[in-house]
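User: I have a structure open and would like to work through it. Can we take it in short steps?

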Amino acid sequence: MNIKVNIHKNQKNFDILENNEVVIKALRPKWYSQQITFFLNNRTYEIKKKSFWGSSYNITMSGNLIGAIPFDWKKGHYIDLYQGKKQYWIKSTRNGGIFSSSKVHSLLEGGVKSIIEIHYSWKKWKENIEVEILEKDDYSYELIMYAYFLMRLKQQAESTAASGPVGGVLFTILMLE
């Protein structure tokens, strides 16, 4: 099973491809927002902020609330799905040397069991994102999208933290909001 994320030139739209066939079409309605809308099995899913100043997100399916992505100071952002009462975290590890751009983002169920790994790297000035399914029984395409969203939140938090002490802390707090 070969699953890849294809990001279009405008950075707003992207697709999840399985064996070079589009499985999920996703978009960000505005270039500056963190909201994601994706379409799967004739349903519309949205990941959207709860409020302007908050750092939590709601997950809706066809307008019905099915989960949330809250923020915890110890754990960071995590996925809380109401159906089945499951929680998922993302853990990042660097592959290669200190100057390597390769990272592996693992989606952990309950903080223990790794279900999905997202392999992220830069090749020829372009992002290369591949998804590896570790648990064939426990994954779904929705979980791939949620893991991708968490990966982007984690990348954003890391990049703002690396911006240094001049406005870095304030900017990080504002970006997490």
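User: Which residues do ring pairs link into a cluster?

Analyst: This is a predicted model. Rings pair if their centres lie within 6.5 Å. The cluster linked by such pairs consists of Phe38, Tyr45 and Tyr146.

User: Are the rings of phenylalanine 38 and tyrosine 45 stacked or edge-to-face?

Analyst: By the ring rule there are 7 aromatic pairs. In the pair of phenylalanine 38 and tyrosine 45, the ring centres are 4.9 Å apart. Planes under 30 degrees apart count as stacked. These planes are at 5 degrees, so the pair is stacked.

User: And phenylalanine 38 with tyrosine 146: stacked or edge-to-face?

Analyst: Here the ring centres are 6.3 Å apart. Planes over 60 degrees apart count as edge-to-face. The planes are at 70 degrees, so this pair is edge-to-face.

User: How many residues apart in sequence are the parts that this pair of phenylalanine 38 and tyrosine 146 ties together?

Analyst: Phenylalanine 38 lies in strand β4, residues 36-40. Tyrosine 146 lies in helix α1, residues 141-161. The pair therefore ties together parts whose separation in sequence is 108 residues.

User: Is tyrosine 45 buried or exposed?

Analyst: Buried means under 20% relative accessible area. Tyrosine 45 has a relative accessible area of 2%, so this residue is buried.

User: Now serine 121. Which residues is it in contact with, leaving aside neighbours within four places in sequence?

Analyst: Serine 121 sits in strand β13, residues 113-123. Its relative accessible area is 9%, so serine 121 is buried. Leaving aside neighbours within four places in sequence, its contacts are Ser101, Ser102, Lys126, Glu127 and Asn128.

Notes
Residues numbered from 1 in each chain as written. Predicted model: local features only at pLDDT ≥ 70, side-chain atom pairs only at ≥ 80, totals over all residues. Heavy atoms only, no water. Helix = DSSP H or I, 4+ residues; strand = E, 2+ residues; numbered from the N terminus. Buried < 20%, exposed > 50% of the residue type's maximum accessible area, 1.4 Å probe, protein only. Contact = heavy atoms within 4.5 Å. Phe/Tyr/Trp six-rings, centres within 6.5 Å; stacked < 30°, edge-to-face > 60°.
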